[in-house]
Amino acid sequence: MSIASRASSPPFYISRSTNSRGENIGNGLFAGRKYGAGEEITYLKRPLIGSLDTQYLLDTCANCYVWTEGAATGTRLYVPEGIQVQKCGGCHRFRYCSKICQKEAWSRGHKHECKSLRSLVNRDLPKAVLACMELLTRRKHGLISEDEWTLVCQLQTHIDDFKCTGTYENIELMAMGASQFSLTQDMFNKDFVAHMYARILTNALTLITPTLDPLGLIFDPVLGHVNHSCEPNAFAMMDGASTSLRTLRPINKGEEIYISYIDASNPFHRRQSELKARWFFDCNCTKCQKGATLDEDTWAHQPNTVPTKFKEIADTILTHEKVAQDLANCVGDTQDERRAAALQGKAFAEYEETQAMQDPSQVIGKIEDAMQLCHQSGLWHIHRQPYAALRDDLIVNLLSLAKYPTAWAHCAKRYKHILPKLYPVPFHPIRVVQTWQMAVLAVYLAGTPEGVGAPGVNMGLIAMMLVKQVLDAAGLSHGKESAFAKSVGSKAEEMMVELKRSLGGSPDSAVMNAELEAQREMLGQMGDWIKV
Ligand SMILES: [Zn+2]
Ligand SMILES: [Zn+2]
Ligand SMILES: [Zn+2]
């Protein structure tokens, strides 16, 4: 491929890919050389197109994707303070953090669409439509190179799949809007635009912050060529507008590079159905080849041991609700397995319901109910989904209500029992970010007189231990030069200075190590403070 082959030893190349059955599955991205774990394969200063979710248009720079203090939910753990965004005076749709950002966006192509967006000021335009408009506009005005455009046009459209599932009409409709609003009808015909819109839907990645909060989508011809595996050897880490494609494990020269499009810790049938519904393929990756036999699908107790109360709940679900018939919840054909499927369906349905809820106290109530279902039915291991995902959201909501000691107990439990199990690679980005979330909480608690209210606990040392751990991993998960790694680094330095001051000079390293060991022990005990 032209983009990769310019370099003498290309970091990657695009070539035909086949699945394990030997079937051709279109193009894929392959390693141009040997890589170790935690290495960068390629760095993109910015994707071809980035588009923010409607809600983030209000508080995020549409050029560098920097957050502002406006929103304070989720794991927004390292928002630079004091930055504000200002509306584009023309279209009133996009906001920028600086004149420089506004200028960059303007010359990248916004100058050609600002005016037409102005007339749409009261219309809610989905991010994929805005992305498609930008793509068409920039191509029309010669702002996308021939090489890049060729690569874009090689991405799969899945048009036949959309037609089969009856969603093509909607695509045509959205594409028609994108075409009209971008004033590019003179350049691209109706079908061409529909194909382009379909490409965006099936090849875009989620635009995320370094702490993995979703902000919108990015569409890029190189990243769009990376195929999926539920056991990926790589991941895309973003830092503002830049993306670093990094290895999760060693990759040999000529080996295909995979990322995961979904939560790969979900049970087999859920992964299969999610990939089929959104990306139209039956996953046959190294993990899926083993079917429902792995950890993700293991029950803590056999379905026939479920307490009577839960058998009754399951039977009610089986007669009244659709969740049990959903293939995503499939467990097996026996009566007990169908009951387990019903309970699993209910747990996932409740998890999904909480995603759309706003009020943290209501969310917490609902999450706690669903966690009780997982716990009391006896079916779930603590790391089995959605039990683990429910706890992640519980922590976020407890933090937003300032319930720090309870949040801490859940963090400690997750740290001990869940993270090493779900993410055995120590620098897995989710493991790093969740450990950072815990470290930030520890730093806060260390500064309060009551701490976590347990004798013998030195939160300052625990905080330092966690920050140090994140620092060691951040170079591999985010890259040494990333804003995230730098921010963790300066926190670590700050804490070291404070520690030295509190100990009156340089601490004796033997004493220090013994104390750290004792606190590590404490941290382990805290991991068992709560049952559910
Ligand atoms: Zn900016
Ligand atoms: Zn504008
Ligand atoms: Zn798979």
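A: Let us begin with one position, bearing in mind that this is a predicted model. Val 121 is found in the loop that runs between α3 (114-118) and α4 (127-140).

Q: Is Val 121 buried or exposed, and how is that read?

A: The general idea is to count the other C-beta atoms within 10 Å of a residue's own, where 12 or fewer make it exposed and 20 or more make it buried. Val 121 has 10 such atoms around its own, and therefore it is exposed.

Q: Which residues is Val 121 in contact with, once its neighbours within four places in sequence are left aside?

A: Those contacts are Cys 91, His 92 and Arg 93. For Arg 93, the separation from Val 121 is 28 residues in sequence, while their C-alpha atoms are 6.7 Å apart in space.

Q: What share of the contacts in the chain, among those with a separation of 6 or more, joins residues 24 or more positions apart?

A: Such pairs account for 66% of those contacts. As for burial in the chain, 42% of its 532 residues are buried.

Q: How do I read a backbone angle, and which residues other than glycine have a positive phi here?

A: His 158, which is not a glycine, has a positive phi of about 60 degrees, and it lies in the loop between α5 (146-154) and α6 (159-164). Because His 158 has 22 C-beta neighbours inside 10 Å, it counts as buried. Leu 183 also has a positive phi, near 55 degrees, and its place is the loop between α7 (168-181) and α8 (190-203). With 16 C-beta neighbours inside 10 Å, however, Leu 183 counts as partly exposed.

Q: What is the form of the peptide bond from Gln 385 to Pro 386?

A: For a peptide bond the angle to read is omega, which is near 0 degrees here, and the bond is cis. Pro 386 is placed in the loop between α12 and α13.

Q: How do I check the length of a helix such as α11?

A: The general idea is to compare an expected span with the distance between the end C-alpha atoms. Helix α11 (residues 335-355) has 21 residues and at 1.5 Å a residue should span 30 Å, so the 31 Å between its end C-alpha atoms agrees with that expectation. Among the buried residues of α11 are Arg 338, Leu 343, Phe 348 and Thr 354, and what covers its buried residues includes α10 (308-320), α12 (360-376) and α13 (387-400).

Q: How do I read the pairing of strands, and which strands pair with β11?

A: In a regular strand the side chains alternate between the two faces of the sheet. To read a pairing, look for the sense of the strands and their bridges. Strand β11 (residues 242-247) pairs in the antiparallel sense with β3 (residues 40-44) over four bridges, where Glu 40 has Arg 246 as its bridge partner. Strand β10 (residues 234-239) is likewise antiparallel to β11, over six bridges, and there Met 237 is partnered by Ser 244. Between β10 and β11 lie two residues, which makes the pair a hairpin, and Gly 240 in its turn has a positive phi of about 65 degrees.

Q: Why does the radius of gyration agree with a compact globule?

A: For 532 residues a compact globule would have a radius near 24 Å, and the chain has 25 Å, which is why the two agree.

How values were computed
Residues are numbered from 1 along each chain as its sequence is written. Chains are lettered from A and ligands numbered from 1 in the order in which they are written. This is a predicted model: local features need pLDDT of at least 70, side-chain atom pairs count only at pLDDT 80 or more; totals for chains, interfaces and linings use all residues. Two strands pair if DSSP finds at least two bridges between them. The radius of gyration is taken over C-alpha atoms; the globule rule is 2.2 Å times the number of residues to the power 0.38. Two residues are in contact if their C-beta atoms, placed from the backbone, lie within 7 Å. The expected span of a helix is 1.5 Å times one less than its number of residues.
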